[in-house]
Amino acid sequence: MTAPRVDVYRANPVARLLAALLIGVILIFSIDWVSALTALVLETVLLLLSGIPIGKVLRRSLPVVIAGLLTALTILLYGQPSGTVHAQFLLVTISDGSIALAAATLLRVLAIGLPSILLFLDIDPTDLADGLAQILRLPARFVLGALAGFRLIGLLQQDWRYLGYARRARGVADHGRIRRSAGQAFALLVFAVRRGAKLATAMEARGFGAHPTRTWARESALSKSDIAIVAIGAAIGATSIAVAVLAGTWSFIGAR
């Protein structure tokens, strides 16, 4: 008997966004380690059922892991001391309270960051824009402008490379790496502003934002499987809170 598979790739981007927001918002209200660990375990199970390659997820989640470790280290060294003090030097104090808070923070960063990696892996920006405008009813002018700007982000790396080639051909970039990078960054900024102005003019010429309502080339709607993904996200957050309450570790963040 094969295990059921959660098809994340075919889910509507809005459903992925709502599921990730539900998990993140629910986890923000507590700072205990039980709820974070419970959510992290459930998310790992969901990851295994989704069929997404583990190596791909690990590569994408590396920045989240690094950010979590650095945050936990800061809290470990400079968090509010409580309980037994194990080490102290100037402003650095390592105690039972700072250790527990650092572990809870690391788990919470991973529990909030993993859904974003899992649900937004290889997402199509155009599908996301269609869903934001048609399902969430966000202003079409804002959505399409953001989509156009996002599409141009990929050109920045190409422009940077071509600027480097051109400056080397003129002999400008032979010496002074810091000065060269600063000048090249300013030139890239000028290119980006000019391209953005041309894009805005072109969109205005084609009637983008001229009317309060508009038609869409592709219809975006939530299916039963999309609603199920949103429900799974809500269930993960609710289950983590319930387990923490039953374990007696629930600690509302506003109470601290």
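**View 1. Helix α8 supplies 4 residues, the largest share, of the lining of the largest cavity.** The model is predicted: local features need pLDDT of at least 70, side-chain atom pairs count only at pLDDT 80 or more, and totals for chains, interfaces and linings use all residues. Residues are numbered from 1 along each chain as its sequence is written, and side-chain values use heavy atoms, without hydrogens and water. Helices are DSSP runs (H or I, at least four residues), numbered from the N terminus. At least two lining residues come from each of α1 (13-28) and α8 (224-247).

**View 2. The largest cavity has a volume of about 50 Å³.** Lining it are 10 residues, of which Ala19, Leu46, Leu119, Ile229 and Ile232 are the closest to its centre. A cavity is a set of points, on a 1 Å grid over the protein atoms alone, where a 1.4 Å probe fits but cannot get out; lining residues have an atom within 4 Å of a point. Grid points are joined across faces, edges and corners, and the volume is the space filled by probe spheres set on the points. The count is 1 cavity of 30 Å³ or more.

**View 3. Helices α2 (residues 33-50) and α8 pack at an angle of about 145 degrees, with axes 8 Å apart.** Axes are lines fitted to C-alpha atoms over the stretch in contact, and angles run from 0 to 180 degrees between N-to-C directions.

**View 4. Residues of α2 meet residues of α8.** Contact means heavy atoms within 4.5 Å. From α2 come Val34, Ser35, Thr38, Ala39, Leu42, Glu43 and Leu46; from α8, Ile232, Ile236, Thr239, Ser240, Val243, Ala244 and Ala247. These divide into 9 nonpolar, 4 polar and 1 charged.

How values were computed:
1 Å grid on protein atoms, 1.4 Å probe; cavity = no way out; pocket = protein on both sides within 12 Å on 5 of 7 lines; lining within 4 Å. Nonpolar A, V, L, I, M, F, W, Y, C, P; charged D, E, K, R; others polar.
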